[in-house]
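Hi,

Here's the structure I promised to pass along.

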Amino acid sequence: MTHLLNADLHCHSVVSDGTLTPEELAARASANGVELWALTDHDEVAGQHRALDAARAQGMRYLTGTEISVTFIGQTVHIVGLGFDPLNEELVRGLHRTRGGRELRAREMAEGLAKVGIKHAYEGALKFVGNPELISRTHFARFLVESGVCKETNEVFRKYLTEGKPGYVPHRWASLKDAVGWITGAGGMAVIAHPARYKFTPTEEFALFTEFKNHGGQGVEVVTGSHSAAEYVTYAETAREFGLAASRGSDFHSPDESHTELGTLPLLPGNLTPVWESLAARIQ
Ligand code: AMP
Ligand code: MN
Ligand code: MN
Ligand code: MN
């Protein structure tokens with residue numbers, strides 16, 4: 001299949017921290033000309049069946065998806081899985097374990113926020129949650145915007161929810177080895193999400209890519225809503241250097257928040273191997 005495909009292989013629904021249902025996302029993607037779509041909710045595959053049905057109803061091809069939270073040398077890294085069997089038991093168990101601990105973390109985040117005068121943030125965040133197991137910083141951000149503490153979610157993250165700030169609680173997610181293993185063990189492809197977002201030194205980033213490959217990882221996001229045009233070039237080069245397939249995805253969360261709309265990013269550069277090439281047999 002050609003690299004000239006409007007594929008959007010990264011977005012979130014109400015099943016994790018997006019604000020649209022899988023059906024609403026499918027309609028929006030289709031209206032924007034998406035030909036191949038994947039819903040990649042954080043640490044969860046519960047929306048996959050609905051997403052596949054909705055994609056079919058819109059005449060779009062579909063790859064199963066998820067985005068797994070991983071802790072790698074002290075930082076959170078996201079690994080996207082594509083084209084796996086969503087009923088695979090080890091994957092489902094692994095994701096369940098990864099979600100565990102979010103509630104306790106959320107309560108600790110609320111305690112931190114209470115210390116700086118922001119009361120009842122746990123209950124406030126819960127109002128925005130579609131799936132209680134997936135309570136995330138995004139839901140706290142929406143509450144702090146709603147209650148007028150900040151103007152927009154970006155500001156909430158900067159002032160309250162990132163390292164060193166009152167609502168930040170360090171958390172230990174899945175290991176890189178496990179996340180890649182769950183995805184590939186279920187017949188899918190593991191992809192490093194938005195690599196430019198991490199604050200790694202060049203040596204640490206090299207270690208991430210090297211270990212990811214050693215565990216069986218095969219892809220990296222090059223064209224994503226989290227990258228600048230210059231970063232497309234940087235990570236296209238990294239993809240070639242490490243012999244990784246390249247992915248494209250908006251990381252769309254909400255019409256009110258996301259700066260990148262579904263299906264509207266530049267197409268993948270022609271000198272890369274798209275992830276959908278070796279996943280052709282997994283496309284539904
Ligand atoms: P969590 O998994 O609970 O740590 O939440 C991570 C989520 O927060 C990501 O998936 C993004 O959707 C969102 N996020 C992270 N940083 C920012 C930011 N600077 N502005 C807006 N949303 C962010
Ligand atoms: Mn998110
Ligand atoms: Mn992510
Ligand atoms: Mn994402």
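How far apart are the manganese ion (ligand 3) and the manganese ion (ligand 2)? They sit 5.7 Å from each other. Bear in mind that this is a predicted model.

The site ties together distant parts of the chain: E67 belongs to strand β4 (residues 65-72), while H194 is in the loop between β6 (189-192) and α9 (202-214), 127 residues away.

Are E67 and H194 buried or exposed? E67 has a relative accessible area of 1%, so it is buried. H194 counts as buried too, because its relative accessibility is 1%.

Now the sheet. Five strands make up an open, mixed sheet, ordered β4-β5-β6-β7-β8. β4 and β8 (245-249) are the edge strands, each with pairing on one side only. From one strand to the next, the twist averages 40 degrees. Within the sheet, β5 (residues 75-82) pairs with β6 in the antiparallel sense, over four bridges, and L82 is opposite M189 in β6.

Two helices lie across these strands. Helix α9 lies across β4, β5, β6 and β7 (219-224), at about 175 degrees to β6.

Cheers

Technical notes: Residues are numbered from 1 along each chain as its sequence is written. Chains are lettered from A and ligands numbered from 1 in the order in which they are written. This is a predicted model: local features need pLDDT of at least 70, side-chain atom pairs count only at pLDDT 80 or more; totals for chains, interfaces and linings use all residues. Side-chain values use heavy atoms; hydrogens and water are left out. Donors are N, O and S atoms within 2.8 Å of the metal (3.2 Å for Na, K and Ca); water is not among the atoms, so sites may look incomplete. Buried means under 20% relative accessible area, exposed over 50%, partly exposed in between (1.4 Å probe, protein chains only). Two strands pair if DSSP finds at least two bridges between them. Axes are lines fitted to C-alpha atoms, for helices over the stretch in contact, and angles run from 0 to 180 degrees between N-to-C directions. Contact means heavy atoms within 4.5 Å.
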